[in-house]
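Please read it alongside the sequence and the coordinates.

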Amino acid sequence: MFPVNLVIEISQRIHRVTLPGEKPNYVRDPESFLTVLPSNLHDVCLALREFPDYLFDLPLQMTAVDFINEKVFELVYYLYSSKLRQGIIVKTQVPRTAPEIESVSDIWPGMDWQEREVYDLFGVKFRNHPNLKRIMMWEGFSGHPLRKDYVHQTDKYDSGLEIGTPGLDERGVPIP
Amino acid sequence: MTSGFDILHGLRRHKIVGGELFLTTVDFFVDWGRKSSIWPLTFGLACCAIEMMASFASKFDFDRMGVFPRPTPRQADLLIISGTVVKKMAPAVERLYQEMPSPRFVVSMGACSNCGGPYYDSYSVAKGVDKIIPVDVYIPGCPPRPEALYTAVQTLQEKIDAYWDAGKQILKPVPPSEEALKKINEAAISARGS
């Protein structure tokens, strides 16, 4: 289980939507943020699901952002508690050179395909994931297309004049 | 032969005893049947498929032209590419086309399947379905209305006429000789038993 001091630290860091003793506030968009270190993510997620003040049992989605100047991928987890009717956004950052993080699909099985999508499009590797392979792109596709430095290789379905094709500038005009 | 539904243009009529004799050619008759029952495959790819479904529903009712969706490519004459052809789907589209019996026709519906449309610069979208299969009729629009699909069906009917006439000499029904008509009349009289 999660360590108790972790719960205390979480409670100090996040802004709670509903305080204890208050009437449940029906919040549509979660506005609480929690930024954690990637090494703590799995424990924090377990605490967010299990601790009676949080009970985030519904993983809405997860996604990633490519901050190419800061050389990090930011992973964003959207969680919601169907019992307490509160939401939270958990963010963490992994380095772009070796993007790797613990999978949370054992905590929320719904995160399985979300992590596969992030792996497919961003190339972030999830440790202990049961089935980490491409989900959107086809087998044999090379590269991770939502990375900012992705260079598209023209194939037989392309006309060769698209923006981003090697040899063309950003307006699609051939570079002499 | 002319386009449209007027079958009488390809017929010669002769009055005989007890009624009329209609003469035509097998080519005309086969073409008439072929263009009057263009059966498309039940196959949709993206939002153009919504317009295609509306075309098959009661308000536009393409069944009055004989356009009636079939659930298997083995029974289909027409493949309506209604939506974005992504590269992951392109081999499946090509295979569906190969599974259809000849003669087979393809209508490219909407900007996406014509040339990639708004997703032209995407890494995952094929830049037109004509990269993989031949296309007979292109419909512009994003998405095209059912009226545009109606026009495409009419254009395809005209094209079926022109297509089958192009490769061969147009055969006109040969009028029967006087002796043949006399024999037919005699046979008709004896058949009536009067």
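Over all chains, the structure holds nine aromatic pairs, where rings of Phe, Tyr and Trp (its six-membered ring) pair if their centres lie within 6.5 Å, and planes under 30 degrees apart count as stacked, over 60 as edge-to-face and the rest as tilted. The pair of A:F73 and A:F122 is edge-to-face, because the ring centres are 6.0 Å apart and the planes stand at 75 degrees. A:F73 belongs to strand β3 (residues 72–81) of chain A and A:F122 to helix α3 (residues 111–122) of chain A, so the pair ties together parts that are 49 residues apart in sequence. Helices (H or I, at least four residues) and strands (E, at least two) are DSSP runs, numbered from the N terminus. Both A:F73 and A:F122 are buried, that is, under 20% relative accessible area, with exposed meaning over 50% and partly exposed in between (1.4 Å probe, protein chains only). Ring pairs also link A:W138, A:F141, A:Y150 and B:Y123 into a cluster.

The model is predicted: local features need pLDDT of at least 70, side-chain atom pairs count only at pLDDT 80 or more, and totals for chains, interfaces and linings use all residues. Residues are numbered from 1 along each chain as its sequence is written, chains are lettered from A and ligands numbered from 1 in the order in which they are written, and side-chain values use heavy atoms, with hydrogens and water left out.

| Charged residue | Ring | Distance to ring centre |
|---|---|---|
| B:R70 | B:W39 | 4.8 Å |
| B:R104 | B:Y97 | 4.4 Å |

How many disulfides are there over all chains? The count is zero, a disulfide being a pair of cysteine sulfur atoms within 2.5 Å. For B:C48, which is in no disulfide, the nearest cysteine sulfur is that of B:C47, 5.5 Å away. B:C48 counts as buried at 7% relative accessibility, and A:C45 is buried at a relative accessible area of 0%.

Chain B contains six helices and five strands, in the order β-β-α-α-β-α-β-α-β-α-α along the sequence. Of its 194 residues, 38% are buried. Among chain B contacts (heavy atoms within 4.5 Å) between residues at least 6 apart in sequence, 76% join residues at least 24 apart.

Key: A charge sits over a ring if NZ of Lys or CZ of Arg is within 6 Å of the ring centre and within 35 degrees of the ring normal.
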